[in-house]
Every structure is written in C-alpha cells, then in structure tokens.
Amino acid sequence: MAINVLVVDDSAMARKMIVRVLHMAGLPLGTVGEAGDGVDGLAQLEAAEHDLAILDINMPRMNGLDLLARIRGVARLRSLPVLMVSTEGSDVRVERVKELGAGFLRKPFAPEDLVEAVVEAIGGAS
Ligand SMILES: [Mg+2]
C-alpha cells in the first residue's frame with residue numbers, strides 16, 4: 001500500500017530535507033505533497049486522502065499545534081497519523097502534541113530518527 005504524505009513546514013529547506021529522507025528510506029511512498037503553513041496544509045488534507053502528515057510547529061498564518069487541533073476536529077481526519085517535528089521542545093507543547101495523538105520529533109534530527117518516527121506514527125495508527 002502506498003503511503004501518501006503531506007509535509008507542512010514554512011521552511012522550504014526543511015521540507016526538502018524531510019522529503020529527501022522519506023524517499024531514501026525505502027518506504028512505499030505514494031504522493032508526497034508540501035504546504036508552507038497550516039492554512040494551506042489543512043486545505044490539502046481536506047482535499048485529498050493522506051496516510052501521514054508531518055507538521056512543523058512554528059509557522060505563519062496557522063501554526064502546527066493549531067493545525068493539529070483542527071485536524072482532530074474533522075471527522076475524516078480524526079485518526080490521521082501525525083508526526084510533529086520542531087525545534088520547539090518545551091514540555092508543555094510536547095505534552096499537548098501527545099494529548100492530540102501525534103508523535104513528536106525534535107529538530108535537528110538524524111535521518112534514521114525521522115524514519116523511525118514515521119514508521120512508528122504509521123504503525124501506531126493501524
Ligand atoms: Mg517553522
């Protein structure tokens with residue numbers, strides 16, 4: 001089964017790096033889309049089927065935490081596997097991410113850490 005992923009991060013360089021690691025990981029990828037903020041990310045998640053969303057926290061217009069809360073409020077997206085990836089590692093925020101049923105990975109990370117977190121996020125939801 002192909003895994004359709006959406007990478008939501010306001011840094012084009014961060015998105016590029018995540019996409020590259022996903023492709024190198026040997027995962028059965030389908031489409032890998034990108035969005036530059038939470039507003040665009042939510043629109044894309046509502047418009048097409050995804051199997052995983054990888055979200056940055058600090059973004060303009062709608063940040064990753066607000067996006068995650070919105071995702072959990074949409075019936076079709078309620079159980080979408082989400083991995084939050086951020087330099088923002090305060091305990092309160094990480095706690096909130098976990099309450100909303102998402103994985104958390106701190107930036108910067110090694111490629112293998114991202115792959116492991118992705119596999120866990122996908123596996124934990126099925
Ligand atoms: Mg950011």
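**Figure 1. The loop that holds Pro 108 in the predicted model.** Pro 108 is found in the loop that runs between strand E5 (103–106) and helix H5 (111–125). The peptide bond leading from Lys 107 to Pro 108 is cis, and its omega is near -5 degrees. For context, most peptide bonds are trans.

**Figure 2. Arg 61 in the loop between strand E3 and helix H3.** The loop containing Arg 61 lies between strand E3 (52–55) and helix H3 (64–72). Arg 61 has a phi near 70 degrees, which is a positive value in a residue other than glycine. Most residues other than glycine have a negative phi. Arg 61 counts as partly exposed because it has 13 C-beta neighbours inside 10 Å.

**Figure 3. The packing of helices H2 and H3.** Helix H2 (residues 38–47) packs with H3 at an angle of about 25 degrees, and the two axes are 9 Å apart. H2 and H3 are therefore roughly parallel to each other. Their crossing is right-handed. On the H2 side, the contact is made by Gly 38, Gly 41, Leu 42 and Leu 45; on the H3 side, by Gly 64, Asp 66, Leu 67, Arg 70 and Ile 71. The residues of this contact divide into 4 nonpolar, 3 polar and 2 charged.

**Figure 4. Arg 20 of helix H1 and its distance to Pro 111.** Arg 20 belongs to helix H1 (residues 12–24). Because 11 other C-beta atoms lie within 10 Å, Arg 20 is exposed. Arg 20 and Pro 111 are separated by 91 residues in sequence, and their C-alpha atoms are 9.4 Å apart in space.

Definitions and conventions. Residues numbered from 1 in each chain as written. Predicted model: local features only at pLDDT ≥ 70, side-chain atom pairs only at ≥ 80, totals over all residues. Helix = DSSP H or I, 4+ residues; strand = E, 2+ residues; numbered from the N terminus. Buried ≥ 20, exposed ≤ 12 C-beta atoms within 10 Å, placed from the backbone. Axes fitted to C-alpha atoms, helices over the stretch in contact; angles between N-to-C directions. Parallel < 35°, antiparallel > 145°, perpendicular 65-115°, else oblique. Left-handed = near helix turned anticlockwise from the far one by under 90°. Contact = placed C-beta atoms within 7 Å. Nonpolar A, V, L, I, M, F, W, Y, C, P; charged D, E, K, R; others polar.
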